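Try each task before you read its solution.

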Amino acid sequence: MKGKALVTGLAGFTGHYMSRELEAMGYEVIGLGQGASAGANHFSVDLRDVEGLKTAVAGIQPRLVVHLAAVAFVAHGDVSDIYTSNIVGTRNLLAALAECGSTPDKVLLASSANVYGNASVPTLDETCPARPENDYAVSKYAMEMMSRGWCDEMPIVVARPFNYTGVGQSPSFLVPKLVDHFARRVGRIELGNIEVYREFNDVRMVAAAYGRLLEKGIAGEVYNVCSGHAYSISDVLGLLADLAGYTIDVDVNPAFVRANEVKRLVGSSQKLTTVIGELRHIALAETLEWMYRACTHA
């Protein structure tokens with residue numbers, strides 16, 4: 001074993017895939033997050049618990065850190081929870097790492113492509129200005145700005161993942177919601193604006209990118225984690241209709257249409273691939289089939 005890799009939010013959607021990636025890299029994976037402890041390799045600590053966090057981190061002495069724990073749902077109802085978890089929680093983690101007695105080889109902070117907001121260019125690279133349009137995006141950009149104060153203490157890399165999905169993602173997110181409806185052969189669904197464009201990357205690709213950034217990412221830099229492939233919600237519905245063999249009726253519910261909706265969120269991966277090399281692109285059709293089969297065979 002190369003040492004310990006600490007993953008906050010290990011019990012969450014991305015954490016499962018990140019754990020497998022880190023184990024394949026030769027690390028012992030230690031989880032940290034809320035909820036009941038899952039054993040010796042998982043510490044139950046709220047990131048807002050300063051002293052509990054310091055104690056846990058000091059006991060782990062991690063070589064690598066992947067910070068995934070966050071309020072990740074844009075429409076999360078508790079605004080104060082978004083800010084305290086995503087900004088204060090991250091600051092507490094960095095402070096605990098700075099005081100734990102050893103400096104990690106690399107700390108990866110998972111931010112979000114939502115920080116770009118509604119940009120005037122069709123494809124976003126890391127030089128595009130941040131224009132966050134909602135509380136979640138503001139909290140992630142504020143987290144990035146706050147982390148700069150710790151760059152002299154430890155080698156920090158910031159990842160801005162564009163939308164991604166996969167087996168195990170909560171059905172409160174759009175793609176799992178759609179897959180679930182098709183798997184149950186529901187005839188009708190209520191959605192918001194279906195003519196917005198997003199990347200819908202595969203969580204396995206994102207975990208692989210994070211793993212390589214831990215090895216090769218340059219401290220102090222920000223990297224888009226993306227594929228550059230854009231799809232509308234209508235496109236996703238069409239691919240799922242092909243899988244399921246029927247077409248679902250869509251009702252556009254004005255209550256689901258956000259006033260500050262980001263119309264297009266598509267990134268350039270040039271900076272990322274220049275540093276870590278090319279990643280295997282997993283086509284959306286392949287990801288949707290994986291998710292659909294998991295639902296229909298559950």
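**Exercise 1.** Find out in which sense strand 2 and strand 3 pair, and over how many bridges.

Before the solution, two notes: this is a predicted model, in which local features need pLDDT of at least 70, side-chain atom pairs count only at pLDDT 80 or more, and totals for chains, interfaces and linings use all residues. Residues are numbered from 1 along each chain as its sequence is written, and side-chain values use heavy atoms, with hydrogens and water left out.

*Solution.* Start with the terms: strands (E, at least two residues) and helices (H or I, at least four) are DSSP runs numbered from the N terminus, and two strands pair if DSSP finds at least two bridges between them. Strand 2 and strand 3 (residues 42-44) are parallel, with three bridges. Within strand 3, Ser 44 lies opposite Gly 33.

**Exercise 2.** Is strand 2 largely enclosed or open?

*Solution.* Take buried as under 20% relative accessible area, exposed as over 50%, and partly exposed as in between (1.4 Å probe, protein chains only). Strand 2 (residues 28-33) is largely enclosed by the rest of the structure, because five of its six residues are buried. Next, look at its pairing with strand 1 (residues 4-8), which is parallel over five bridges; there, Leu 6 has Ile 30 as its bridge partner.
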